[in-house]
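Hi,

Here is the structure I promised to pass on to you. Please have a look at it first, and then read my notes on what turned up.

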Amino acid sequence: TRRLYTLKGQQTFDDIRRKYQSEGEFRAAVDRYCRDFEKLLQDVGRNDRDNIMTQTYLTSDTGKVYTMLAHASGRLK
């Protein structure tokens, strides 16, 4: 839920969700970013038995962006 975020994060989440729903070009960019990041995780995961690299990517700044975008776009629930 959006309660995972700070108050500022909740506002950002709401802004992203609104823009994702109303702007096709933004939606396409978000979808592309999420697909690319998910492919990266899949590729890394093949040789990452302990999930250390996967966790590193998910907790990086790009991983945090992915999490927010994927959540706001409905990919993560």
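A quick word on handedness before the helices: a crossing is called right-handed if the near helix is turned clockwise from the far one by less than a right angle, and left-handed if it is turned anticlockwise. Please also keep in mind that this is a predicted model.

**Helix α2 with helix α3**

With that in hand, α2 passes α3 in a right-handed crossing. Helix α2 covers residues 24-45 and helix α3 covers residues 52-59; their axes come within 8 Å and cross at roughly 160°. Angles over 145 degrees count as roughly antiparallel, and therefore α2 and α3 are roughly antiparallel to each other.

Which residues of α2 and α3 meet? On the α2 side they are Phe 37, Leu 40, Leu 41, Val 44 and Gly 45, and on the α3 side Met 53, Thr 54, Tyr 57 and Leu 58. Sorted by class, this contact has 7 nonpolar and 2 polar residues, and no charged ones.

**Helix α1 with helix α2**

At its other partner, α2 packs with helix α1 (residues 7-22) at an angle of about 110°, the two axes lying 6 Å apart. That makes α1 roughly perpendicular to α2, since angles of 65 to 115 degrees fall in that class. The crossing here is left-handed.

From α1, the residues Ile 16, Lys 19, Tyr 20, Gln 21 and Ser 22 take part, and they meet Gly 24, Phe 26, Arg 27, Val 30 and Asp 31 of α2. The residues of this contact divide into 4 nonpolar, 3 polar and 3 charged.

**Salt bridges**

Glu 38 forms one with Arg 75, where the closest N and O atoms are 2.9 Å apart. This pair links distant parts of the chain: Glu 38 sits in helix α2, while Arg 75 is in the segment after α4 (61-73), 37 residues apart. Glu 38 is partly exposed at a relative accessible area of 27%, and Arg 75 is partly exposed too, at 35%. Asp 31 comes in as well: together with Glu 38 and Arg 75, Asp 31 is part of a network of salt bridges.

Lys 39 and Asp 43 form another salt bridge, with 3.0 Å between the closest N and O atoms. These two are 4 residues apart in helix α2, so about one helical turn separates them. Lys 39 has a relative accessible area of 48% and is partly exposed; Asp 43, at 29%, is also partly exposed.

Asp 43 has a further partner in Arg 46, their side chains meeting in a salt bridge at 2.8 Å, N to O. Is Arg 46 buried or exposed? Arg 46 is exposed, with a relative accessible area of 57%.

**Thr 67**

Leaving aside neighbours within four places in sequence, Thr 67 is in contact with Tyr 5 and Leu 76. Thr 67 and Cys 34 are 33 residues apart in sequence, yet their C-alpha atoms are 8.7 Å apart in space.

Happy to talk any of this through with you.

Best wishes

Methods:
Residues are numbered from 1 along each chain as its sequence is written. This is a predicted model: local features need pLDDT of at least 70, side-chain atom pairs count only at pLDDT 80 or more; totals for chains, interfaces and linings use all residues. Side-chain values use heavy atoms; hydrogens and water are left out. Axes are lines fitted to C-alpha atoms, for helices over the stretch in contact, and angles run from 0 to 180 degrees between N-to-C directions. Angles under 35 degrees count as roughly parallel, over 145 as roughly antiparallel, 65 to 115 as roughly perpendicular and the rest as oblique. Contact means heavy atoms within 4.5 Å. Ala, Val, Leu, Ile, Met, Phe, Trp, Tyr, Cys and Pro count as nonpolar, Asp, Glu, Lys and Arg as charged, and the others, Gly among them, as polar. A salt bridge is a side-chain nitrogen of Lys or Arg within 4 Å of a carboxyl oxygen of Asp or Glu. Buried means under 20% relative accessible area, exposed over 50%, partly exposed in between (1.4 Å probe, protein chains only).
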